Amino acid sequence: MSLFSKFKNNLQKTSNFLSSNILNSFQSKKVDNETLEELESVLISADISLDVVEKLINSVRKVKTSDQDIATTVLEILAKEIEIILQPRERKIFEENDQAPKILIFIGVNGSGKTTTIGKIASQIRDEKKILIAACDTFRAAAIDQLKNWSDKSNNDFFSGNTNQDPASVAFQATEKFKRENYNYLLIDTAGRLSNNTNLVNQLVKLKNVVSKIDSKAQIETILVLDGTNGSNMIKQVDIFGKELDVSSIIITKLDGTAKGGALISIANKYEIPISYIGLGEKLEDLTDFSAKNFSRSILNLEA
Ligand SMILES: Nc1nc2c(ncn2[C@@H]2O[C@H](COP(=O)(O)OP(=O)(O)OP(=O)(O)O)[C@@H](O)[C@H]2O)c(=O)[nH]1
Ligand SMILES: [Mg+2]
């Protein structure tokens with residue numbers, strides 16, 4: 001399946017919602033206050049933030065009423081405008097010619113998809129790269145097993161501590177092994193649940209500091225994993241984690257399961273943080289590089 005088909009097939013909840021409502025609104029073949037208001041409400045319902053909606057409405061306002069197929073013209077204009085917002089956020093975490101070792105710390109609230117995403121990423125990285133996966137979610141024993149399973153599936157080395165061991169001390173040991181045995185990538189899984197967000201963020205800050213102290217040569221990145229079905233609530237999470245931790249990249253999962261995929265656009269508009277991958281399902285192959293063009297055309301049900 002082409003990358004575009006993957007986007008198109010798996011973003012159908014958002015695209016069905018947006019395209020059917022927009023086609024409906026513009027059936028009358030007029031761009032006027034009434035249709036623009038309808039469009040506004042559809043875009044807001046898909047969790048696109050008000051400032052972005054305003055920008056989009058202003059560009060649609062310019063459509064000439066004599067246009068043959070107004071509805072399609074509107075979809076095309078929206079796709080173009082959205083692509084312009086998303087384009088600067090495209091960034092791959094792994095590059096073909098990555099030289100320096102990389103340590104990736106995956107953070108995010110519980111259930112956002114951290115562990116699954118690590119499994120998917122590990123299975124996508126080329127075989128010649130040496131990967132160590134570290135279970136620093138010591139909060140639940142099942143979390144360690146879940147990650148071990150993903151490591152086995154992708155044929156990668158796995159490091160874990162004991163249940164309830166301090167996550168920073170597991171990260172310490174894992175980073176020492178990573179350095180000593182010359183791995184290329186260290187993928188660190190963390191817990192999403194703690195008594196409260198402040199404790200969680202403090203624990204992650206400590207873990208990151210420990211890792212940076214041991215390996216000052218490796219490039220350390222903090223990857224924030226967000227659950228796409230949370231829609232605009234994702235913004236709050238970017239604020240909470242981003243305040244104390246320098247987030248290098250965002251991954252938005254479960255976009256296959258929501259009609260609120262528009263929230264991705266709000267995030268791209270609000271933060272200058274790259275979006276590296278999006279999750280489009282539960283299977284290994286359901287994690288794809290984020291593409292501004294594929295995303296914007298897919299959610300409006302347009303062709304590539
Ligand atoms: N449909 C769908 N489900 C996903 C996607 N990514 C993850 N999931 C599911 O979301 C659930 C939670 O994923 P986990 O990877 O365990 O989440 P986590 O962030 O590690 O959660 P904690 O360890 O509790 O903090 C699992 O059932 C996954 O299969 C996705 O892109 N699409
Ligand atoms: Mg987990």
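1. How much space lies in the largest pocket? In this predicted model, the figure computed for the largest pocket is about 440 Å³, and the space taken by ligand 1 is that largest pocket.

2. The lining of the largest pocket is made up of 25 residues, and those that lie nearest its centre are G111, S112, G113, K114 and T116. By class, this lining divides into two nonpolar, 15 polar and eight charged residues. Among the contributors, α6 gives the most to the lining of the largest pocket, with five residues.

3. Turning to the ligand itself, 20 residues surround ligand 1, and the closest of them are K114, T115, T116, D256 and E282. Helix α6, which spans residues 114-124, supplies the largest share of this shell, namely four residues. The shell around ligand 1 divides into two nonpolar, eleven polar and seven charged residues.

   - D256 places a polar side-chain atom 2.8 Å from a nitrogen atom of ligand 1.
   - R140 has a polar side-chain atom that lies 3.2 Å from an oxygen atom of ligand 1.
   - S112 takes part through its backbone, where an N or O atom lies 3.2 Å from an oxygen atom of ligand 1.

On its own, ligand 1 has 660 Å² of accessible area, and the protein covers 81% of that area.

4. A separate entry is the second largest pocket, in which about 260 Å³ of space lies. Its lining consists of 13 residues, with F94, E96, Q124, I125 and Y277 lying nearest its centre. The residues lining the second largest pocket divide into six nonpolar, one polar and six charged.

Note on methods:
Residues are numbered from 1 along each chain as its sequence is written. Chains are lettered from A and ligands numbered from 1 in the order in which they are written. This is a predicted model: local features need pLDDT of at least 70, side-chain atom pairs count only at pLDDT 80 or more; totals for chains, interfaces and linings use all residues. Side-chain values use heavy atoms; hydrogens and water are left out. A residue is near a molecule or strand if one of its heavy atoms lies within 4 Å of it. A polar contact is a pair of N or O atoms within 3.5 Å; within protein, one must be able to donate a hydrogen and the other to accept it, and residues adjacent in sequence count only if both atoms are side-chain atoms. Accessible areas come from the Shrake-Rupley method with a 1.4 Å probe; for residues, only the protein chains shown count as cover. On a 1 Å grid over the protein atoms alone, a cavity is a set of points where a 1.4 Å probe fits but cannot get out, and a pocket is an open set with protein on both sides within 12 Å along at least five of seven lines; lining residues have an atom within 4 Å of a point. A molecule sits in a cavity or pocket if more than half of its atoms lie within 2 Å of its grid points. Helices (H or I, at least four residues) and strands (E, at least two) are DSSP runs, numbered from the N terminus. Ala, Val, Leu, Ile, Met, Phe, Trp, Tyr, Cys and Pro count as nonpolar, Asp, Glu, Lys and Arg as charged, and the others, Gly among them, as polar. Grid points are joined across faces, edges and corners, and a volume is the space filled by probe spheres set on the points.
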